[in-house]
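Please have a look at the sequence and the model as they come up.

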Amino acid sequence: MSRTHQPCSDCGSSDALIINDDGSTKCFSCGTYTKADKYRGNTQLEPQFLKGVVRDIVDRCLNTEVCQRY
């Protein structure tokens, strides 16, 4: 599965890069394309998780435990 909205190290864009299943990349801001050869042997990418504070969402009647699970 491709990973979209990734940061581009070439132009500094925060979300214009896509990393394809084969490891190739394409930046839709600067147009840079990188072949999969650069990432040979590393097609399994590390997952990136959001960091933040988990708390109740009172308007939706969701407690902290439910919010943390999802």
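Let me begin with a question: which residue forms a salt bridge with R69? The partner is E65, and the closest N and O atoms of the two residues are 3.6 Å apart. Please keep in mind, here and throughout, that this is a predicted model. Both R69 and E65 belong to helix α1, where they are four residues apart, about one turn of the helix. R69 is exposed, and E65 is exposed as well. The structure holds one salt bridge, and this pair, R69 with E65, forms a salt bridge.

Let me step back to the overall layout. The chain contains one helix and four strands, and, starting from the N terminus, its elements follow the order β-β-β-β-α. The four strands form an open sheet in the order β1-β2-β3-β4, and their pairing is antiparallel. At the edges of that sheet are β1, residues 3-6, and β4, residues 33-34, each of which pairs on one side only. Between β1 and β2, the latter covering residues 17-19, there are two bridges, and these two strands run antiparallel. If you follow that pairing on the screen, you will find Q6 standing opposite L17 in β2.

For the chain as a whole, buried residues make up 19% of the 70 residues.

One place where the chain comes back towards itself can be described through S29, which is found in the loop between β3, residues 25-27, and β4. The C-alpha atoms of S29 and A16 are separated by 5.7 Å, although the two residues are 13 residues apart along the chain. Leaving aside its neighbours within four places in sequence, S29 is in contact with A16, and also with C11 and S13.

Now to the rings. How many aromatic pairs does a search of the whole structure find? The search finds zero.

H5, which lies in strand β1, has a phi near 60°, a positive value in a residue other than glycine. Is H5 buried or exposed? H5 counts as exposed because its relative accessibility is 58%, where the cut-off for exposed is over 50%. C61 also has a positive phi, of about 55°, although it is not a glycine. C61 is found in the loop between β4 and α1, the helix of residues 64-69. With a relative accessibility of 73%, C61 therefore counts as exposed.

Note on methods
Residues are numbered from 1 along each chain as its sequence is written. This is a predicted model: local features need pLDDT of at least 70, side-chain atom pairs count only at pLDDT 80 or more; totals for chains, interfaces and linings use all residues. Side-chain values use heavy atoms; hydrogens and water are left out. Two strands pair if DSSP finds at least two bridges between them. Rings of Phe, Tyr and Trp (its six-membered ring) pair if their centres lie within 6.5 Å; planes under 30 degrees apart count as stacked, over 60 as edge-to-face and the rest as tilted. Buried means under 20% relative accessible area, exposed over 50%, partly exposed in between (1.4 Å probe, protein chains only). A salt bridge is a side-chain nitrogen of Lys or Arg within 4 Å of a carboxyl oxygen of Asp or Glu. Contact means heavy atoms within 4.5 Å.
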